[in-house]
Amino acid sequence: MPGTELFGAEERKEVNDVLDTGILFRYGHDAQRNGHWKAKEFEDEVKKITGAKYAHAMSSGSTAVATALAASGIGAGDEVIVPPFTFIATIEAVLFVGALPVFAEVDETLCLSAEGIEKAISPKTKAVCLVHMCGGMADMDPIMAVIKKHNLVLVEDAGQAFAASYKGTSTGLFGTAGSYSFDFFKIATAGEGGVMVTNSEAVYKIADCYSDHGHNHEGNNRGMEQHPVLGFNYRIGELNAAVGLAQTRKVPHIREINRKYKGILTEILSKTDGISFARLADPSGDSATFLNLLLPDTEAAKRTVAAMNEAGIGGFNYWYTNMYHFINQWDHLKNMKTASPLTVEVVGAPQDYQHLSLPKSQEVIGRLISFGIRCTWTEEEVKALANKISDCVKKALATAHA
Ligand SMILES: *Cc1c(COP(=O)(O)O)cnc(C)c1O
(Lines give C-alpha, C1' and ligand atoms only; values in the text may rest on other atoms or scores of the structure.)
Protein backbone atom coordinates (compact mmCIF):
# COMPACT_ATOMS: atom_id res chain seq x y z
CA MET A 1 0.00 0.00 0.00
CA PRO A 2 2.61 2.53 -1.02
CA GLY A 3 0.45 5.65 -1.12
CA THR A 4 -1.04 5.17 2.32
CA GLU A 5 2.45 4.67 3.76
CA LEU A 6 3.23 8.28 2.93
CA PHE A 7 0.04 9.98 4.12
CA GLY A 8 1.03 13.26 5.77
CA ALA A 9 1.15 17.04 5.77
CA GLU A 10 0.70 17.36 1.99
CA GLU A 11 -2.61 15.47 2.05
CA ARG A 12 -3.82 17.46 5.07
CA LYS A 13 -2.98 20.75 3.33
CA GLU A 14 -5.05 19.89 0.24
CA VAL A 15 -7.97 18.64 2.37
CA ASN A 16 -7.85 21.76 4.55
CA ASP A 17 -8.10 23.97 1.45
CA VAL A 18 -11.47 22.33 0.84
CA LEU A 19 -12.58 22.39 4.47
CA ASP A 20 -11.76 26.12 4.67
CA THR A 21 -14.29 26.92 1.95
CA GLY A 22 -16.80 24.12 2.55
CA ILE A 23 -17.22 23.62 -1.20
CA LEU A 24 -17.20 19.82 -1.30
CA PHE A 25 -18.70 19.66 -4.82
CA ARG A 26 -16.41 19.58 -7.82
CA TYR A 27 -18.51 21.77 -10.12
CA GLY A 28 -19.50 25.44 -9.96
CA HIS A 29 -19.65 27.69 -6.87
CA ASP A 30 -16.79 29.67 -8.43
CA ALA A 31 -17.06 32.68 -6.10
CA GLN A 32 -17.05 30.66 -2.86
CA ARG A 33 -14.34 28.12 -3.62
CA ASN A 34 -11.39 30.47 -3.31
CA GLY A 35 -9.73 29.10 -6.43
CA HIS A 36 -9.66 25.49 -5.25
CA TRP A 37 -10.56 22.91 -7.90
CA LYS A 38 -9.16 19.69 -6.43
CA ALA A 39 -10.82 17.23 -8.84
CA LYS A 40 -9.53 19.22 -11.82
CA GLU A 41 -6.02 19.48 -10.37
CA PHE A 42 -6.07 15.75 -9.56
CA GLU A 43 -6.97 15.06 -13.20
CA ASP A 44 -4.18 17.37 -14.40
CA GLU A 45 -1.67 15.52 -12.21
CA VAL A 46 -2.80 12.16 -13.65
CA LYS A 47 -2.44 13.58 -17.17
CA LYS A 48 1.08 14.75 -16.34
CA ILE A 49 2.19 11.32 -15.15
CA THR A 50 0.46 9.27 -17.86
CA GLY A 51 0.61 11.60 -20.84
CA ALA A 52 -3.15 11.13 -21.37
CA LYS A 53 -4.88 13.89 -23.31
CA TYR A 54 -7.99 13.57 -21.13
CA ALA A 55 -8.53 12.34 -17.58
CA HIS A 56 -11.78 12.25 -15.65
CA ALA A 57 -11.81 11.56 -11.90
CA MET A 58 -14.66 9.51 -10.46
CA SER A 59 -15.90 7.87 -7.27
CA SER A 60 -13.88 4.64 -7.69
CA GLY A 61 -11.81 2.50 -10.00
CA SER A 62 -14.92 0.37 -10.44
CA THR A 63 -17.03 3.27 -11.71
CA ALA A 64 -14.08 4.41 -13.85
CA VAL A 65 -13.86 1.04 -15.64
CA ALA A 66 -17.65 0.91 -16.02
CA THR A 67 -17.56 4.40 -17.55
CA ALA A 68 -14.64 3.44 -19.80
CA LEU A 69 -16.72 0.54 -21.15
CA ALA A 70 -19.89 2.60 -21.62
CA ALA A 71 -18.07 5.54 -23.22
CA SER A 72 -16.41 3.05 -25.60
CA GLY A 73 -19.86 1.94 -26.71
CA ILE A 74 -19.89 -1.42 -24.91
CA GLY A 75 -23.35 -2.39 -23.68
CA ALA A 76 -26.23 -4.85 -23.68
CA GLY A 77 -25.46 -8.21 -25.25
CA ASP A 78 -21.88 -7.44 -26.32
CA GLU A 79 -19.38 -10.21 -25.73
CA VAL A 80 -16.30 -8.90 -23.93
CA ILE A 81 -13.14 -10.97 -23.40
CA VAL A 82 -11.90 -10.73 -19.79
CA PRO A 83 -9.21 -12.38 -17.63
CA PRO A 84 -9.93 -14.85 -14.80
CA PHE A 85 -7.21 -13.15 -12.71
CA THR A 86 -8.26 -9.62 -11.75
CA PHE A 87 -10.10 -7.83 -9.02
CA ILE A 88 -13.78 -8.83 -9.53
CA ALA A 89 -14.66 -5.17 -10.30
CA THR A 90 -13.61 -5.74 -13.93
CA ILE A 91 -16.12 -8.54 -14.37
CA GLU A 92 -18.85 -6.65 -12.48
CA ALA A 93 -18.32 -3.61 -14.71
CA VAL A 94 -18.76 -5.73 -17.84
CA LEU A 95 -21.88 -7.41 -16.40
CA PHE A 96 -23.46 -4.19 -15.13
CA VAL A 97 -23.16 -2.34 -18.45
CA GLY A 98 -25.18 -5.28 -19.80
CA ALA A 99 -22.33 -7.01 -21.59
CA LEU A 100 -21.37 -10.70 -21.47
CA PRO A 101 -17.94 -11.72 -20.08
CA VAL A 102 -15.95 -14.34 -21.98
CA PHE A 103 -13.00 -15.66 -19.99
CA ALA A 104 -9.66 -16.17 -21.75
CA GLU A 105 -6.23 -17.32 -20.62
CA VAL A 106 -3.61 -15.24 -18.84
CA ASP A 107 0.08 -16.15 -19.07
CA GLU A 108 3.28 -15.43 -17.10
CA THR A 109 2.72 -11.67 -17.58
CA LEU A 110 -0.28 -12.25 -15.21
CA CYS A 111 -2.40 -10.56 -17.91
CA LEU A 112 -4.42 -11.81 -20.88
CA SER A 113 -2.08 -13.07 -23.59
CA ALA A 114 -2.49 -12.39 -27.31
CA GLU A 115 -2.82 -16.15 -27.80
CA GLY A 116 -5.45 -16.41 -25.05
CA ILE A 117 -7.47 -13.56 -26.54
CA GLU A 118 -7.31 -14.99 -30.06
CA LYS A 119 -8.54 -18.41 -28.91
CA ALA A 120 -11.54 -16.85 -27.13
CA ILE A 121 -12.71 -14.75 -30.09
CA SER A 122 -16.09 -15.65 -31.59
CA PRO A 123 -18.10 -13.91 -34.31
CA LYS A 124 -19.95 -12.13 -31.49
CA THR A 125 -16.86 -10.73 -29.77
CA LYS A 126 -17.09 -6.96 -29.56
CA ALA A 127 -14.36 -5.96 -27.13
CA VAL A 128 -11.50 -6.95 -24.85
CA CYS A 129 -11.33 -5.62 -21.30
CA LEU A 130 -7.63 -6.06 -20.63
CA VAL A 131 -6.36 -5.85 -17.04
CA HIS A 132 -2.78 -4.84 -16.22
CA MET A 133 -2.15 -6.79 -13.03
CA CYS A 134 0.11 -6.45 -10.01
CA GLY A 135 1.78 -3.20 -11.00
CA GLY A 136 3.01 -4.58 -14.33
CA MET A 137 1.72 -4.56 -17.89
CA ALA A 138 0.32 -6.83 -20.58
CA ASP A 139 2.43 -7.65 -23.64
CA MET A 140 0.91 -4.95 -25.83
CA ASP A 141 2.52 -5.39 -29.29
CA PRO A 142 1.10 -8.88 -29.94
CA ILE A 143 -2.17 -7.96 -28.19
CA MET A 144 -2.66 -4.84 -30.35
CA ALA A 145 -2.01 -6.97 -33.45
CA VAL A 146 -4.92 -9.27 -32.43
CA ILE A 147 -7.16 -6.30 -31.57
CA LYS A 148 -6.54 -4.74 -34.99
CA LYS A 149 -6.78 -8.00 -36.93
CA HIS A 150 -10.24 -8.72 -35.48
CA ASN A 151 -11.37 -5.09 -35.34
CA LEU A 152 -12.15 -5.21 -31.62
CA VAL A 153 -12.66 -2.42 -29.11
CA LEU A 154 -9.98 -2.36 -26.41
CA VAL A 155 -10.73 -1.07 -22.90
CA GLU A 156 -8.00 -1.30 -20.25
CA ASP A 157 -8.56 -1.75 -16.54
CA ALA A 158 -5.26 -0.42 -15.24
CA GLY A 159 -6.65 -0.31 -11.70
CA GLN A 160 -3.38 -1.73 -10.35
CA ALA A 161 -1.06 -0.23 -12.92
CA PHE A 162 -1.15 3.54 -12.56
CA ALA A 163 2.30 4.90 -13.50
CA ALA A 164 3.21 1.70 -15.36
CA SER A 165 3.98 1.80 -19.08
CA TYR A 166 4.87 -0.33 -22.07
CA LYS A 167 7.50 0.96 -24.52
CA GLY A 168 6.84 4.52 -23.41
CA THR A 169 3.03 4.48 -23.49
CA SER A 170 1.18 4.43 -20.18
CA THR A 171 -1.11 1.54 -19.38
CA GLY A 172 -4.66 2.67 -20.06
CA LEU A 173 -3.79 4.53 -23.26
CA PHE A 174 -3.58 1.69 -25.80
CA GLY A 175 -7.31 1.28 -26.30
CA THR A 176 -10.37 3.51 -26.51
CA ALA A 177 -10.34 4.24 -22.78
CA GLY A 178 -8.63 3.05 -19.62
CA SER A 179 -9.06 3.35 -15.88
CA TYR A 180 -7.00 3.60 -12.67
CA SER A 181 -8.09 2.97 -9.11
CA PHE A 182 -7.17 5.22 -6.19
CA ASP A 183 -8.73 3.05 -3.49
CA PHE A 184 -6.93 2.48 -0.20
CA PHE A 185 -4.69 -0.30 -1.53
CA LYS A 186 -3.17 1.22 -4.66
CA ILE A 187 0.10 3.06 -5.43
CA ALA A 188 -1.73 6.31 -4.61
CA THR A 189 -5.02 6.66 -2.80
CA ALA A 190 -7.85 9.17 -2.73
CA GLY A 191 -9.50 7.21 0.09
CA GLU A 192 -11.95 6.17 -2.60
CA GLY A 193 -11.52 7.28 -6.19
CA GLY A 194 -10.79 6.36 -9.78
CA VAL A 195 -9.70 8.09 -12.96
CA MET A 196 -10.67 7.29 -16.54
CA VAL A 197 -8.20 8.29 -19.24
CA THR A 198 -8.49 8.52 -23.00
CA ASN A 199 -6.86 10.31 -25.91
CA SER A 200 -10.23 10.74 -27.64
CA GLU A 201 -12.14 13.96 -27.04
CA ALA A 202 -15.41 12.29 -28.04
CA VAL A 203 -14.95 9.44 -25.55
CA TYR A 204 -13.95 11.90 -22.82
CA LYS A 205 -17.06 14.02 -23.41
CA ILE A 206 -19.37 11.03 -23.11
CA ALA A 207 -17.58 9.90 -19.93
CA ASP A 208 -17.86 13.39 -18.46
CA CYS A 209 -21.64 13.38 -19.02
CA TYR A 210 -22.24 9.71 -18.21
CA SER A 211 -20.60 9.93 -14.80
CA ASP A 212 -22.78 12.89 -13.76
CA HIS A 213 -26.40 12.18 -14.84
CA GLY A 214 -25.68 13.34 -18.37
CA HIS A 215 -24.67 16.90 -17.43
CA ASN A 216 -22.41 18.38 -20.11
CA HIS A 217 -20.80 20.89 -17.69
CA GLU A 218 -21.11 23.81 -20.12
CA GLY A 219 -22.28 27.23 -18.99
CA ASN A 220 -22.74 28.32 -15.39
CA ASN A 221 -26.27 27.21 -14.57
CA ARG A 222 -26.06 23.54 -13.62
CA GLY A 223 -29.83 23.18 -13.55
CA MET A 224 -30.11 24.22 -17.18
CA GLU A 225 -27.18 22.33 -18.71
CA GLN A 226 -27.64 20.11 -21.76
CA HIS A 227 -27.68 16.31 -21.33
CA PRO A 228 -26.32 14.58 -24.43
CA VAL A 229 -26.72 11.10 -22.84
CA LEU A 230 -28.37 9.49 -19.84
CA GLY A 231 -25.96 8.90 -17.02
CA PHE A 232 -25.66 8.18 -13.34
CA ASN A 233 -23.80 9.57 -10.33
CA TYR A 234 -20.21 8.35 -10.38
CA ARG A 235 -18.81 11.72 -9.22
CA ILE A 236 -15.82 12.17 -6.97
CA GLY A 237 -16.09 14.75 -4.16
CA GLU A 238 -13.52 17.46 -3.53
CA LEU A 239 -12.30 15.93 -0.25
CA ASN A 240 -11.36 12.64 -1.89
CA ALA A 241 -9.91 14.47 -4.89
CA ALA A 242 -7.77 16.59 -2.55
CA VAL A 243 -6.21 13.45 -1.07
CA GLY A 244 -5.79 11.94 -4.54
CA LEU A 245 -4.03 15.10 -5.74
CA ALA A 246 -1.46 15.14 -2.93
CA GLN A 247 -0.88 11.39 -3.28
CA THR A 248 -0.50 11.47 -7.07
CA ARG A 249 2.24 14.09 -6.76
CA LYS A 250 4.20 11.53 -4.70
CA VAL A 251 3.90 8.72 -7.26
CA PRO A 252 7.13 9.37 -9.22
CA HIS A 253 9.04 9.23 -5.91
CA ILE A 254 7.19 6.09 -4.74
CA ARG A 255 7.83 4.38 -8.06
CA GLU A 256 11.54 5.14 -7.90
CA ILE A 257 11.91 3.64 -4.42
CA ASN A 258 9.70 0.67 -5.31
CA ARG A 259 11.90 -0.09 -8.32
CA LYS A 260 15.06 0.11 -6.26
CA TYR A 261 13.75 -2.28 -3.59
CA LYS A 262 12.25 -4.63 -6.13
CA GLY A 263 15.63 -4.67 -7.88
CA ILE A 264 17.41 -5.68 -4.66
CA LEU A 265 14.85 -8.41 -3.92
CA THR A 266 15.04 -9.72 -7.47
CA GLU A 267 18.81 -9.82 -7.51
CA ILE A 268 19.07 -11.79 -4.27
CA LEU A 269 16.18 -14.15 -5.02
CA SER A 270 17.25 -14.94 -8.58
CA LYS A 271 20.18 -16.85 -7.06
CA THR A 272 17.82 -19.31 -5.37
CA ASP A 273 17.01 -22.45 -7.36
CA GLY A 274 13.32 -22.79 -8.10
CA ILE A 275 12.45 -19.09 -7.98
CA SER A 276 11.51 -17.30 -11.15
CA PHE A 277 9.48 -14.15 -11.68
CA ALA A 278 6.36 -13.06 -13.50
CA ARG A 279 7.29 -11.75 -16.94
CA LEU A 280 7.39 -7.99 -17.36
CA ALA A 281 6.61 -7.23 -20.98
CA ASP A 282 8.61 -4.01 -20.54
CA PRO A 283 10.75 -4.09 -17.37
CA SER A 284 11.53 -0.38 -17.65
CA GLY A 285 7.81 0.45 -17.36
CA ASP A 286 7.16 -1.43 -14.11
CA SER A 287 5.40 0.54 -11.35
CA ALA A 288 7.00 -2.05 -9.04
CA THR A 289 4.18 -2.17 -6.50
CA PHE A 290 4.56 -5.98 -6.36
CA LEU A 291 7.34 -8.53 -6.50
CA ASN A 292 5.74 -11.48 -8.27
CA LEU A 293 7.44 -14.83 -7.61
CA LEU A 294 6.71 -17.92 -9.68
CA LEU A 295 7.45 -21.27 -8.03
CA PRO A 296 7.98 -24.42 -10.10
CA ASP A 297 4.40 -25.67 -9.53
CA THR A 298 1.30 -25.15 -7.39
CA GLU A 299 2.39 -27.67 -4.75
CA ALA A 300 5.76 -25.94 -4.34
CA ALA A 301 3.99 -22.58 -4.03
CA LYS A 302 1.62 -23.95 -1.37
CA ARG A 303 4.52 -25.40 0.60
CA THR A 304 6.38 -22.07 0.31
CA VAL A 305 3.30 -20.22 1.61
CA ALA A 306 3.14 -22.65 4.56
CA ALA A 307 6.87 -22.18 5.28
CA MET A 308 6.51 -18.39 5.14
CA ASN A 309 3.51 -18.45 7.47
CA GLU A 310 5.48 -20.63 9.86
CA ALA A 311 8.44 -18.22 9.71
CA GLY A 312 6.11 -15.27 10.39
CA ILE A 313 6.78 -13.56 7.04
CA GLY A 314 3.77 -11.41 6.15
CA GLY A 315 3.03 -8.94 3.40
CA PHE A 316 2.40 -11.43 0.60
CA ASN A 317 -0.63 -12.67 -1.32
CA TYR A 318 -1.24 -16.19 -2.55
CA TRP A 319 -4.06 -15.27 -4.92
CA TYR A 320 -4.78 -18.87 -5.92
CA THR A 321 -6.52 -19.64 -2.63
CA ASN A 322 -6.14 -16.72 -0.23
CA MET A 323 -7.44 -13.72 -2.10
CA TYR A 324 -10.53 -12.67 -3.96
CA HIS A 325 -8.72 -11.99 -7.24
CA PHE A 326 -8.98 -15.34 -9.03
CA ILE A 327 -11.94 -17.09 -10.62
CA ASN A 328 -11.62 -20.09 -8.26
CA GLN A 329 -13.08 -17.90 -5.50
CA TRP A 330 -15.92 -16.38 -7.55
CA ASP A 331 -18.77 -18.71 -6.57
CA HIS A 332 -21.36 -15.93 -6.76
CA LEU A 333 -20.44 -15.43 -10.41
CA LYS A 334 -20.41 -19.15 -11.23
CA ASN A 335 -23.82 -19.57 -9.58
CA MET A 336 -25.12 -16.25 -10.97
CA LYS A 337 -26.24 -14.94 -7.60
CA THR A 338 -27.61 -11.52 -8.52
CA ALA A 339 -29.72 -8.95 -6.70
CA SER A 340 -31.84 -8.47 -9.82
CA PRO A 341 -31.59 -10.08 -13.26
CA LEU A 342 -28.67 -8.99 -15.44
CA THR A 343 -28.59 -9.00 -19.23
CA VAL A 344 -26.38 -12.10 -19.15
CA GLU A 345 -29.16 -14.01 -17.37
CA VAL A 346 -31.80 -12.86 -19.84
CA VAL A 347 -29.91 -13.51 -23.08
CA GLY A 348 -27.79 -16.40 -21.78
CA ALA A 349 -24.09 -16.63 -20.92
CA PRO A 350 -21.62 -17.18 -23.77
CA GLN A 351 -19.71 -19.72 -21.62
CA ASP A 352 -20.60 -22.17 -18.87
CA TYR A 353 -18.97 -20.23 -16.02
CA GLN A 354 -19.16 -23.27 -13.71
CA HIS A 355 -17.09 -25.45 -16.01
CA LEU A 356 -14.53 -23.18 -17.61
CA SER A 357 -11.32 -24.79 -18.82
CA LEU A 358 -8.43 -22.37 -18.23
CA PRO A 359 -5.46 -24.67 -17.60
CA LYS A 360 -2.78 -22.08 -18.34
CA SER A 361 -4.32 -19.54 -15.92
CA GLN A 362 -4.69 -22.24 -13.24
CA GLU A 363 -1.05 -23.23 -13.70
CA VAL A 364 0.36 -19.68 -13.58
CA ILE A 365 -1.77 -18.35 -10.69
CA GLY A 366 -1.17 -21.59 -8.76
CA ARG A 367 2.57 -20.85 -8.91
CA LEU A 368 2.30 -17.13 -8.09
CA ILE A 369 3.18 -15.51 -4.76
CA SER A 370 3.11 -11.67 -4.73
CA PHE A 371 4.82 -9.45 -2.19
CA GLY A 372 3.68 -5.84 -1.80
CA ILE A 373 6.71 -3.54 -2.04
CA ARG A 374 6.85 -0.98 0.76
CA CYS A 375 8.55 2.33 0.01
CA THR A 376 9.08 2.88 3.77
CA TRP A 377 11.35 -0.16 4.14
CA THR A 378 15.05 0.31 4.82
CA GLU A 379 17.60 -1.36 2.57
CA GLU A 380 18.56 -3.66 5.46
CA GLU A 381 14.93 -4.76 5.85
CA VAL A 382 14.71 -5.46 2.13
CA LYS A 383 17.81 -7.65 2.18
CA ALA A 384 16.68 -9.48 5.31
CA LEU A 385 13.30 -10.17 3.71
CA ALA A 386 14.94 -11.54 0.55
CA ASN A 387 17.05 -13.92 2.61
CA LYS A 388 14.05 -15.09 4.63
CA ILE A 389 12.02 -15.73 1.46
CA SER A 390 14.95 -17.60 -0.03
CA ASP A 391 15.23 -19.84 3.07
CA CYS A 392 11.51 -20.66 2.95
CA VAL A 393 11.65 -21.57 -0.73
CA LYS A 394 14.69 -23.80 -0.17
CA LYS A 395 12.89 -25.51 2.70
CA ALA A 396 9.71 -25.97 0.69
CA LEU A 397 11.55 -27.41 -2.31
CA ALA A 398 13.67 -29.71 -0.11
CA THR A 399 10.53 -31.28 1.39
CA ALA A 400 9.17 -31.67 -2.13
CA HIS A 401 12.18 -33.72 -3.18
CA ALA A 402 12.35 -35.74 0.05
C1 LIG B 1 -8.68 -2.03 -7.27
C2 LIG B 1 -9.13 -2.48 -8.60
C3 LIG B 1 -10.35 -2.10 -9.17
C4 LIG B 1 -11.42 -1.40 -8.40
O5 LIG B 1 -11.08 -0.20 -7.90
P6 LIG B 1 -11.94 0.45 -6.72
O7 LIG B 1 -11.37 1.83 -6.68
O8 LIG B 1 -11.66 -0.34 -5.47
O9 LIG B 1 -13.35 0.41 -7.11
C10 LIG B 1 -10.64 -2.46 -10.47
N11 LIG B 1 -9.80 -3.23 -11.16
C12 LIG B 1 -8.61 -3.64 -10.67
C13 LIG B 1 -7.72 -4.48 -11.51
C14 LIG B 1 -8.27 -3.31 -9.35
O15 LIG B 1 -7.13 -3.79 -8.83
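Biologist: Within how many Å do the axes of α4 and helix α8 come, and at roughly what angle do they cross?

Modeller: The α4 and α8 (residues 201-210) axes come within 9 Å and cross at roughly 125°. That makes α4 oblique to α8, where oblique is what remains after under 35 degrees (roughly parallel), over 145 (roughly antiparallel) and 65 to 115 (roughly perpendicular). Axes are lines fitted to C-alpha atoms over the stretch in contact, with angles from 0 to 180 degrees between N-to-C directions. Helices are DSSP runs (H or I, at least four residues), numbered from the N terminus.

Biologist: What should I know about the model itself?

Modeller: It's a predicted model: local features need pLDDT of at least 70, side-chain atom pairs count only at pLDDT 80 or more, and totals for chains, interfaces and linings use all residues. Residues are numbered from 1 along each chain as its sequence is written, and side-chain values use heavy atoms, leaving out hydrogens and water.

Biologist: Which side chains have an N or O atom facing a ligand oxygen, and at what distance?

Modeller: Serine 62 has a side-chain N or O atom 2.5 Å from a ligand oxygen, and for glutamine 160 that distance is 2.9 Å. There's also a polar backbone atom of glycine 61 at 2.7 Å from a ligand oxygen.

Biologist: Back to helices. Where does α4 sit relative to α5?

Modeller: The axes of α4 (residues 61-71) and α5 (residues 89-96) come within 9 Å and cross at roughly 45°. The two are therefore oblique to each other.

Biologist: And at what angle do α3 and α9 pack?

Modeller: About 30°, with the axes of α3 (residues 38-50) and α9 (residues 238-249) 8 Å apart. That makes α3 roughly parallel to α9.

Conventions: Polar contact = N/O pair within 3.5 Å; in protein donor to acceptor, adjacent residues only side chain to side chain.
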